[in-house]
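I'm going through the chain interfaces and then the packing inside.

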Amino acid sequence: MADVLDSYNQWLDGAWLTIQLTIFGGAVALVLALVFGLAGTSRHAWVRVLNRVYVEFFRGNATLVLLYWFFYALPLVGLRFTTMFAAILALGLNVGAYGAEVVRGSINAVPKAQFEATVALNFTPYQRMRRVLLPQGFALMLPPFGNLIIELMKGTAIVSLVGLVDLTRVSKNIQGSTGETVAAFTVVLVLYFVIAQVLQLFVRYAERRVDRMLGRRMPTEPSLGTIAAGAPGAGVGG
Amino acid sequence: MDWDWQYSGDILPDLLDGLRYTVIATLAGYVIALVLGLVWTLLRRTPSRVFNQAIRWITEFIRSTPLIPQLYFVFFVLPAWGITIGSLTAGIITLGIHYSTYTAEVYRAGIADVPKGQWEACTALNLPRSRVWLDVILPQAIRRVIPTLGNYLIAMFKDSPMLLAINVAELLFSAYQVGSKSLQFLEPITMVGLLFVVVSVISSILVRRLERRYATN
Amino acid sequence: MPPTESDEVGPGGVGGRPSSESTDTEPESPTPKDSGDDAVPKGEGVSTEKGDAAAAPLPRGEAPGIRFEKVIKRFGHNVVLRELDFTVGPGERVTLIGPSGSGKTTILRLLMTLEKLDEGLIWIGDETLWHMERGGKRVPANQKHLHEMRKQVGMVFQQFNLFPNMNVLRNLTEGPVRVLGLSRDEAVERAKGLLDLVGLGDKIDSHPSQLSGGQQQRVAIARALAMQPRVLLLDEVTSALDPELVVGVQDLLRDIARQSDLTLLCVTHEMTFAKDISDRVLMFDGGQIVEEGPPDQIFGEPSEQRTRDFLQAVLAS
């Protein structure tokens, strides 16, 4: 155990890479989720088709397959990324597709009466979205977004398979060099758990703030809807 | 960009061979996930608060840590304790345990989703505990959770490529193998990607059908 | 009241149903301008100095008339309005009564553009709501036209529909600032005046969820008025309220009706309120007007059997 902990420098570097991947991947995913999710609520059929194609393709694919594709296949046709960029792109595209479903479902879940009130106040379509539907939909998005960011953090472990030295890779390296299998893999799981719990805290905090803003209380345990939304496979509402 | 159709045809048998392992791992893991998930849920309903919390944190731990280090743990640590298992078995067990913590949440939410009035009606009718569960609560809860459980089957299918981390010869692994032999990665990996998309899209259409069929409102 | 109702409405000049002969109270808008002053608190003095901008809590000015011409509205195979014709004079206050499903609410929703018109014409003033002129032809309205036309119309909903992501003040200022282009200060001043008017001056920073149903509905009324509509639509505004809160909201609306010269369309199941607030009552059934007349006549001596049945059923409940 002591040998394993002595290499704390390596652990820290690995954790830092995992965190970076989570943050950048999350940022890419958030942007894609908003853009394609809002496209899914459009009045124009062809914009909605754009949403469907993106969601079905990138949600339907395994992140690791996507990463291998960026890493091994695309360079052969002349598209070359750095490994880091390929990893962020693969993670962002994949989680962004789930996120887009969450955004679309949440906007559609804002009560119709709220939309009608914006019409009665003569808001423009942009103002309806910006001032009322999006802020209220945001509250519905937060719990499934929380699930997604943790899924994304877990997903970052795949980069260890294409040579990036993240937490998982560090554990493998240390296991190799010290031979302390149990300690190395226990430590890495605990570290991931800690990161997940910290993310959890941020999400809870954001949820509480939004609930206060909307003046309501949320159930403490996630509902079936929330779980289904985070489920890799479908979004809220459908 | 040249797509080599000849080559694509040649590697297809290899890929299908890999697909077999992918399917086996996914289905076997799914069975474990469904059963073990129910066990977690029932354990969380025991009267002991300490025990419940312990179960809660154990499942939370498994759920919030990545599959790949878990695979390493099962594959490398169990032999250190004197239990030797093959990589496919290790993969199936890990996948199953990992997703059992998700199905446990689904079961729990499904039971919580049954309206309180149903429990009260059971009390009013003075039904015995076993009848309450078997005739009233579970039938309603299961209806609600079937589509979500279907989604997790798709999710496990999409996570199965990670088993290549412990050298399970699944689909992506085979694609990588044939690719590295010829140094032509474009065709095998693209084919795997398309296969995943096709399977996922078809199965999510099926799940949506389930959702409609079992829609409670 | 410069524009008289039917003759300058539309080239057809069909003049709608013979509504005017049964209602001698109607053309004279019963809103003496001076009676408002003592009843409306503060605000009034300020507003005359400032002109129209931060204006008096209650909208004033020329209210347009409304005319439905052979309006048809279907939901699937269900025809809700069948070739409906009727006219509401400028500043007139009309209550629509009738069994549920008779199409009353649909009329309000068509006027607020919450439902699409299938056939016929709806006039607000001397313009059509759902159609516009283009190259001498009448074509379906685009978003811009609808936006222009909606400026004249405000609506209060059964379920209040306050925005839960904004406090009371922002619920009242968001429209004036974003849509009417008022400055923040003007909008706040207007909001304060209106909140005083509805008796909730102290709730300005509250969140909608902290208010009772009655208070929420008062805020919703103030929010509609803040947009200074010329036509106000009230859609069963007290139906969702606890019984003890109904009277307060009704009294408020009656005061507002008396002190303003809005054209008012009101759907309600409260017959006393209908009697109080309106110049004319329209009885609907099956997407058509069964009977119409001043409240005393409709409630006192209805001539149609269907009206009598309906009133009996409502009073019995």
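**Chain A against chain C**

I started with this contact, which takes 22 residues from chain A and 25 residues from chain C, contact being heavy atoms within 4.5 Å. Ground rules before I go on: this is a predicted model, where local features need pLDDT of at least 70, side-chain atom pairs count only at pLDDT 80 or more, and totals for chains, interfaces and linings use all residues. Residues are numbered from 1 along each chain as its sequence is written, chains are lettered from A and ligands numbered from 1 in the order in which they are written, and side-chain values use heavy atoms, with hydrogens and water left out.

Next I looked up the area: chain A and chain C bury about 2100 Å², with 56% of that from carbon and sulfur atoms. Buried area here is the accessible area (1.4 Å probe) that two parts lose on being put together, summed over both. On the chain A side, L121(A), N122(A) and R131(A) give 31% of the area buried against chain C, more than any other three residues.

How many salt bridges are there between chain A and chain C? I get two, a salt bridge being a side-chain nitrogen of Lys or Arg within 4 Å of a carboxyl oxygen of Asp or Glu. R131(A) turns up again here, with its side chain in a salt bridge to that of E174(C) at 3.6 Å, N to O.

I checked which elements of chain A touch chain C: α6, α7 and α9 (181-214) each give two or more residues. The largest share, eight residues, comes from α6(A). Helices (H or I, at least four residues) and strands (E, at least two) are DSSP runs, numbered from the N terminus.

**Chain B against chain A**

Here I found 53 residues of chain B in contact with 49 residues of chain A. The two chains bury about 4400 Å² between them, 73% of it on carbon and sulfur atoms. The rule finds one salt bridge across this interface: R208(B) to E56(A), side chain to side chain, 3.3 Å from N to O. Polar contacts come to 11 residue pairs, again with both at pLDDT 80 or more. On the chain B side that touches chain A, α8(B) supplies the largest share, 12 residues.

**Inside**

Which residues have the most contacts inside the largest nonpolar core? They are F68(C) and I107(C), in a core of 150 residues. I count as a core a set of buried Ala, Val, Leu, Ile, Met, Phe, Trp, Tyr and Cys residues joined through side-chain atoms within 4.5 Å; buried means under 20% relative accessible area, exposed over 50%, partly exposed in between (1.4 Å probe, protein chains only). Helix α5 (residues 83-109) of chain A gives this core its largest share, 13 residues. Leaving aside neighbours within four places in sequence, F68(C) has contacts including L84(C), F86(C), I107(C) and L121(C).

Last, chain C itself: 12 helices and 12 strands, with 57% of its 317 residues buried.

Key. Polar contact = N/O pair within 3.5 Å; in protein donor to acceptor, adjacent residues only side chain to side chain.
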